[in-house]
Each structure stands twice: as C-alpha cells, then as structure tokens.
Amino acid sequence: MKSQFSKYYRLLVIFACTVLIAFAGQAAIAQNNSPWRNQRRQPVEMIVGGDFVVTMNDAQPVIKNGAVALNDGKIVAVDTQDKIMASYRSAKRLSGEGKVLMPGLVNGHSHTAMVLFRGLADDLNLEDWLQNYIFPAEGQFVNENFIRVGETLACWEMISGGTTTFVDMYFKPDVAARVVDQCGLRAVIAPSSIDFPSPGFRGWDDAFAAAIDFVKRWKGRNPRIIPALAPHAPYTVSPEHLRQAIQAARQYDVPLTIHLAETQTEVQDIQQRYNATPVQHLENLGSLDPRVFAAHVVWPNESEIALMARRGVGVIHNPESNLKLASGFAPIPAMVQAGIQVGLGTDGAASNNDLDMWEAIRLTALIHKGTTLNPTTLPARTVLRMATLGGAEALGLADKIGAVKVGLQADLIQVDLTSAHLTPLYDVISHLVYAAKAEDVDTVIVDGKVLMSERKVLTVDTKQVRREAIKIGEQIQAEIRPSN
Ligand SMILES: [Zn+2]
C-alpha cells in the first residue's frame, strides 16, 4: 500500500512539475514574443527618445521623458516614453538619455557651395567685397566640380549642426540636387537668375530658361528636393523679368525666393528707378503671394510690413550676414507682431562665415532686444520656433516639416545635454536658444533615415571632401589673393 501510494505520489509530482515547467516556459515566451502581446504593440521602423521632446506643437509643447515612433519616413506617434513603449515595438531604438529630441533646423536662405569662399575676403564694404572678390572668384571658379565639392562640404557642415532642410540659391542646380540626394538632407533648390552674366550664362534669358528646365525636371521627382525659382533681387532683375518669374512660379506651382530690401542703397536705388520702395515695387508687379519668401527684408517701411502680412509673403532673417555686411537690423519684432511667417537663415558662408543655425538663433534672440532696448523682445520660444516651424511656414512646407507631430516627415535631431555649458538645466528651451552649440547636436534624422549618429556623419565621405575643398581653396588663393 505504502509503495503503491509513493509510486502514485511520485508520478503525480513528475506530472505536476512537467505542467509547471511547460507553463513557465510558455509564460517566459509570452513575456518576449507573445502573439497577442505583439498584436497590441505595433511594429515600427524606429523609436527615438528624449529626456525632453520639444515639439513646436502647441497642444503638447515639451514632453518630459518622451519618445517618437517613426514609420515609412514619417512620425506615427509622439508621447511619453512609457506610452510609446506600451504601444509600439522596434528593433531600432535610439536612447534619449541626456538628450533633447526636437525638429531639425530649417536654414531658409543660403548659397551653400559658397563655403568654398569662406574667409576669402572679410571686413570690406559690400561693393568692394562683391566686385573685387566674390564676382571675380565666382566667374573664374564656379563650375560643376566646384558645386559638387562645395555642396558636399556644406552638407557635412549642416548635418553636423542639426540642419535638416535648407534653401540653396545658387548655380548648377542639377549637381546640387544630386549631392543633396546622396547626403540625405531636404532642400529647396532655387537656381539664381540675374540680368547680368553669371557662371555658365550670358544673362537673364539663358539663366532663366535653364532654371525653368530644372524646375520641370525636378518637380515631384524626389520628395526631399523641392525645385524653386530665384530671381536674384529687384536691383539686379528688371521688372519685366520679375513678372516673368512670378508667372512661371504660379504656372509650375513652385516657391519663389528673392533678396529683398537688404540695404538702404537698394531702397534708394529702387525708389529712383521705379518710384517705389522694394516691397511695394514687387506688389506693383503683382509679385507678392504666399509662394514667395524673401531673404533679409532689413529696410521695409510700416506699410510694406502690413502688405507682406496681407499677401502671406514669408521672410527669412539672416542676422549674421546683416551684421557682417553692415546692412542693418531687420525689424523682425514688428514683422512677427504683424503676423508675417518669419524663418531664419545663414546666408552664404562668404558673408557669415559658416552655416551654423545656432548662431542665427542666438543672434536673433539677442540683437532685437538691443535694438528695441527691451529684454522681453523675441523670447526664446519665439526664436526657436523661427528656426524650425516658422521657417517651414515661410517656405510653404509646414504640412511636411518643422514640428514633432504625427503625420509630418521624421526630420528630427537629438541634442546632447550633458556638456558643462548646458548644466544645470531649468528650462530646456532657454538652453537651446542661449547656450547650445552646433557641436551639441548628436543625432540627425531626415525622412526617418539617420544621417548622423553620435556625431559621426554617415552619408558624407568627410576625409575626401576635405581634401578636395583644400585643393580648390589653394587654386582660388593663387588666383584671387596671390599676395597671401
Ligand atoms: Zn543671400
């Protein structure tokens, strides 16, 4: 009886153990890979975190311990890390520890390949600088190789500093577009058209025909490359040609960008020639509408500010270039007050001398306090918005970029917060505007693709482009500044 009982007992224990082990195994599998758990957590391409997610979305401006789920190049969810991890899963996760996650910066005005003229001529008046250095150097050196090398160098610099979208108003747009395609950034590429001879062109007619040709070939071809038109300025393009440009922009449904009211000399010149101030001159030609965004606009009068607001014209503020060329202080606070969509830009590196948007951010936040003698002018939040969503609005791209928002393209940057100059932290937006530097940008993502990780640029052969840029620099030095 006893042995019988113990035999049954042993069998019972073995059976119980087997059931327990099987159950525990199932439970362990369920923890990691349960089909019903997987159904609950939607798979996505990437999850990116941030101790702070600065969204530029008024509904949820800053999310602490936040994360963003990305799929198919787009933002599919923005929330706290806990909620994102409960709803989404991904093999690719970028930690947000010690970092802020925010929209990539939008550089609304540049002539990017001019990085190869960086430091060629400084501390000169505009006329001397243009006539004796920049125009001769452009005439002699700007060819396809120059643009390829300059654009690649510029992409390296912009990616390193957290710019994800830029406007390029320069020459050889096909070469520029190919470089942008390779380096992974987003760009509005606007070949510059001018009434005088320019690299590769005799004057307006052939330059503008080539620009139209470029627009036709690139419109809708690559979602990251937006072709645009760029009549240079009211003082270098005749009224007839300006009319032609705006008509073409409407016909082909592309943006139009122009230098406008940059200097007092321009205002006097346009007044003398056409009996109108520069913005009014464009209005008289029927050229102002929401597809237009103007660079500089340093010297508009009050009625011109109201006019630009009414017409939906975007303005790109380039504080560093305006300071360096002593153009003046654009009335940005009045423009913001009037409801104009204002973005920020670096202008070309020959008048800056870099493509650093953080400098543009900080200068904007500082100089207008000085000119208005009012420390509450353009607070940090307003300026950070200009560098992201404001720029996207001015460019007509706010339905695609500029904010960390569901449905927008995943153009995001992570900024490292662990440096001495960012410690301690009371207000993340204050740090981004008044203390952060381009070197603090750690990760850059455009269209859901990582272009820079832990400060390593992944899409540019930096060693090779540096070699090529130095070589071109030596050739320019020998020709333009032989005395050095
Ligand atoms: Zn410019």
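With 28 C-beta neighbours inside 10 Å, Asp347 counts as buried (buried means 20 or more other C-beta atoms within 10 Å of its own, exposed 12 or fewer, partly exposed in between, with C-beta atoms placed from the backbone). This is a predicted model: local features need pLDDT of at least 70, side-chain atom pairs count only at pLDDT 80 or more, and totals for chains, interfaces and linings use all residues. Residues are numbered from 1 along each chain as its sequence is written.

**Exercise 1.** Find where Asp347 sits and state its phi.

*Solution.* 
- Step 1: Asp347 lies in the loop between S17 and H14. Helices (H or I, at least four residues) and strands (E, at least two) are DSSP runs, numbered from the N terminus.
- Step 2: Its phi is positive, about 65 degrees, although Asp347 is not a glycine.
- Step 3: Most residues other than glycine have a negative phi.

**Exercise 2.** Locate the cis peptide bond from Asn352 to Asn353 and the one from Thr423 to Pro424.

*Solution.* 
- Step 1: Between Asn352 and Asn353, omega is near 10 degrees. Asn353 belongs to the loop between strand S17 (342-344) and helix H14 (357-372).
- Step 2: From Thr423 to Pro424, omega is near -10 degrees. Pro424 falls in the loop between strand S18 (412-416) and helix H16 (428-434).
- Step 3: Most peptide bonds are trans.
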